[in-house]
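Subject: The two-chain model, handed over

Hi there,

Here is the structure I promised to pass on to you. Have a look at it first, and then read my notes below.

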Amino acid sequence: VPSKSTAIHRRQRTGLLFAAPAIALFLVFAAWPIARSFILGFQEYRVVGDSDWAGIDNFASVVGDPFFARAWWNTAYFAFLALLLGFPVPIALAITINEVRRGQAFLRLAYFLPVVLPIVVVALLWERFYDVDDGIFNVAINGIGLGGILDRLGETSLAAVDPRGWINDKNWAMPSLVFMATWKGAGATMLIYLAALQSLSGELYEAAEIDGASVFQRLRRITLPHLVPTMQIILVLQLLGTLQVFLEPFLMTRGGPGDTQPTLTVLLLIYRYAFNDWNLSWAAAVGFILFLALVTVALIQRLLSRQLGGAGSAF
Amino acid sequence: MASIARTLLGDHERRFGFSAWLHRLVIGALFLGTLSTLYPLLWLVGSAMKSPDDYHGHPLWPTPLNARVVAVPHADNTGPGRIVRVETASPENKTGHIYTLTFVASNEIEVRDATIGAIALAEPHTEDRDLTFDGLTLLLRGRFDTGDTFTIEPRLWQVQNLAEAWAGVNFVRHSMNSFILMAATLVLHLLVNALAAYALSWLRFPGARLVGFAFLMTLMVPWYAIFIPLYLTVTELGLTVPFYGWPAVVLPAAFNAFFLILFKGFFDGLPRDLIDAARIDGAGELQTFWRVAVPLAKPIFGVIVVFSLLATWNDFLWPYLVIGRAEGEPLMVRLYNYELTGTATAESILAALALAMLPPIALFLLFQRQIAAGFTLSGIKG
């Protein structure tokens with residue numbers, strides 16, 4: 001019979017063995033790239049031979065690139081629009097779907113469906129939807145007779161109101177991407193809110209109803225406050241996610257249309273530096289700045305949620 | 001009645017008064033709203049099966065075309081079947097697509113049983129009403145002369161497009177590539193992360209706390225913040241060379257902090273007595289893991305299996321970057337390149353998209369519960 005200490009010793013050795021593959025893969029494909037992402041931006045990277053120390057030259061260069069400010073502005077604009085649409089929609093869906101007794105499973109299924117579809121399929125499909133001649137949006141707009149009104153507006157100073165160029169219109173390209181991204185993503189967020197609603201005890205509603213609270217009072221004083229912690233998390237996750245917008249513009253607009261690059265986002269700029277110009281140092285420099293921005297957002301959320309404490313009472 | 005959880009609206013409010021009216025309105029809107037996700041998919045499937053000249057119309061019903069007889073090569077043939085050459089308004093190639101002739105517009109002759117065909121040229125008396133329309137040569141039964149016009153109606157489901165997409169994309173090869181990547185990634189996902197999670201739960205080795213913390217920290221680092229250095233790492237290690245660069249896709253994906261934490265959360269919840277009992281019975285640690293922990297962890301394995309498969313099938317950017325050779329591309333990368341070539345017809349691209357979304361939809365319908373659980377967990381943990 002082995003003594004207790006050798007058994008524990010052996011157990012520890014086995015544990016290290018079990019964890020070894022994960023540790024090795026973590027070191028090579030997570031820790032090392034993370035460390036390198038901090039270094040690379042300060043280097044003059046060369047594929048062959050040693051890389052030179054570049055100080056902040058890369059940062060100075062990218063900040064001086066007129067596309068840098070453009071990309072940040074566009075990304076902020078995307079984030080703003082995506083939150084404007086993508087934050088309230090899942091909440092409204094979850095609260096209303098939660099009230100449905102018959103067919104609730106179908107509703108969840110239907111609204112969630114786009115989440116599981118590959119982004120490549122969705123992007124190539126929506127390219128057709130946004131087609132100027134045959135796309136379903138324009139067919140619908142022209143079909144209900146709005147086309148004529150928009151045509152007439154086009155001759156005035158309100159021409160930018162006409163959305164019918166969609167991703168081919170410099171004003172509407174970004175909102176079009178946001179619309180598609182929300183269509184694809186809202187179902188996942190809805191599900192999280194639904195899970196939160198499921199943990200809300202029905203007795204609270206019961207008691208409030210007996211006290212004479214109307215449906216809207218209950219919504220304002222019970223349902224929404226209950227969702228506030230979830231909303232805080234989701235808001236940050238959505239903000240972090242939208243700042244990393246890449247595949248939608250990459251697949252659909254490539255930063256365009258036109259020279260002003262209305263859909264050039266920060267990650268698209270990084271991609272261009274890296275894989276069109278093969279300037280990995282510049283790419284890493286912008287990546288480093290983006291990383292700092294993301295960390296800042298996460299930290300601000302931490303601070304705010306600590307300060308607000310029981311933010312639930314805000315309602 | 002008690003089994004239904006009480007929600008915002010009470011039973012009375014659901015049935016009577018203003019609230020009931022509003023409730024019904026909202027429910028109606030919700031069901032109508034599902035069209036926003038279901039109709040696009042219906043549109044995709046419908047459009048994927050249309051003929052090129054019909055593509056611009058509504059996907060769910062055909063748009064008749066006007067056609068005109070431009071030549072009657074064997075004008076001396078007075079039999080019931082005459083070969084004529086016709087021209088349609090849209091000049092696109094219709095090889096292999098199916099049309100039905102509906103009526104004659106210009107001449108008075110009734111040709112109700114007219115057929116359109118190419119292959120049928122060899123056997124003029126075929127009775128098939130739906131035949132393939134090869135180029136612009138038709139076989140028409142009845143008397144026709146140059147200048148006659150008529151309407152032809154494209155058939156709705158042109159399976160031809162699927163065949164074209166299947167061959168054009170080389171679907172077999174590229175979906176097989178995707179399946180291989182899915183299988184390899186899945187095996188590593190389960191093995192690497194479950195074993196490590198079990199070790200962190202039950203086989204605490206010196207430094208386990210630090211390792212767990214380091215793993216957790218990777219969740220804080222967005223993938224996009226490190227994909228440039230990661231790209232350098234896999235190229236410098238030479239992973240992009242063998243097997244079309246598949247190792248560069250599979251290996252960096254294998255360690256997954258989210259999956260690991262899901263596993264660990266589950267293993268942490270196992271009763272200590274159970275693990276100890278297995279150990280006292282003389283089971284080795286691997287046996288305890290395999291015979292006791294894994295069978296109990298079935299629910300969490302289910303979630304991770306579905307998530308892993310879905311993620312690998314849908315993944316685009318990373319394989320696009322690291323897989324150098326076209327033959328090795330997974331389906332999503334291939335689809336993107338297929339569209340970029342610009343030679344593929346619009347309908348065949350749509351047909352390819354329709355085929356490519358079948359596996360995720362199938363996974364979703366089969367494993368709704370697991371997928372819902374995974375997405376809910378990702379929101380809570382995130």
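Let's start with A:Thr242, which is buried, with a relative accessible area of 11%. Buried means under 20% relative accessible area, exposed means over 50%, and partly exposed is in between, using a 1.4 Å probe and the protein chains only. A:Thr242 sits in helix α11 of chain A, residues 215–243. Helices here are DSSP runs of H or I with at least four residues, strands are runs of E with at least two, and both are numbered from the N terminus. The side chain of A:Thr242 reaches the backbone oxygen of A:Leu239 at 3.0 Å. Leaving out residues up to four places away in sequence, A:Thr242 touches A:Thr75, A:Phe78, A:Ala79 and A:Ala82; contact means heavy atoms within 4.5 Å.

Before going on, some ground rules. This is a predicted model, in which local features need pLDDT of at least 70 and side-chain atom pairs count only at pLDDT 80 or more, while totals for chains, interfaces and linings use all residues. Residues are numbered from 1 along each chain as its sequence is written, chains are lettered from A and ligands numbered from 1 in the order in which they are written, and side-chain values use heavy atoms, with hydrogens and water left out.

Now to where the chains meet. In total, 84 residues of chain A are in contact with 97 residues of chain B. The size of an interface is often given as the accessible area lost when the parts come together. Chain A and chain B bury about 8,200 Å² between them, and 77% of it is on carbon and sulfur atoms; this buried area is the accessible area (1.4 Å probe) that two parts lose on being put together, summed over both.

How many salt bridges are there between chain A and chain B? The count is seven, and over all chains it comes to twelve. A salt bridge is a side-chain nitrogen of Lys or Arg within 4 Å of a carboxyl oxygen of Asp or Glu. Side chains of opposite charge can pair when their charged atoms come close.

Here are some of these pairs to find on your screen:

- B:Glu285 forms a salt bridge with A:Arg11, with the closest N and O atoms 3.2 Å apart. The pair crosses between chains, from helix α11 of chain B (residues 285–296) to helix α1 of chain A. B:Glu285 is buried at 13% relative accessible area, whereas A:Arg11 is partly exposed at 24%. A network of salt bridges links A:Arg11, B:Asp276, B:Arg279 and B:Glu285.
- A:Arg218 and B:Glu13 meet through their side chains in a salt bridge of 2.4 Å, N to O. This pair also crosses between chains, from helix α11 of chain A to helix α1 of chain B. Both A:Arg218 and B:Glu13 are buried.
- A:Arg128 forms a salt bridge with B:Glu339, with the closest N and O atoms 3.4 Å apart.

A:Ala208 is in helix α10 of chain A, residues 202–210. Not counting residues up to four places away in sequence, A:Ala208 touches A:Ala213, A:Arg218 and A:Ile222. The C-alpha atoms of A:Ala208 and A:Arg218 are separated by 6.9 Å, and the two are ten residues apart along the chain.

Turning to chain B as a whole, there are 17 helices and six strands. Buried residues make up 52% of its 382 residues.

Is B:Phe243 buried or exposed? B:Phe243 is exposed, because its relative accessible area is 63%. B:Phe243 lies in the loop between α7 (223–236) and α8 (246–254) of chain B. B:Phe243 has a positive phi of about 50° although it is not a glycine. B:Tyr244 lies in the loop between α7 and α8 too, and has a positive phi of about 60° without being a glycine.

Enjoy exploring, and write back with any questions!

Best wishes

Note on methods: Polar contact = N/O pair within 3.5 Å; in protein donor to acceptor, adjacent residues only side chain to side chain.
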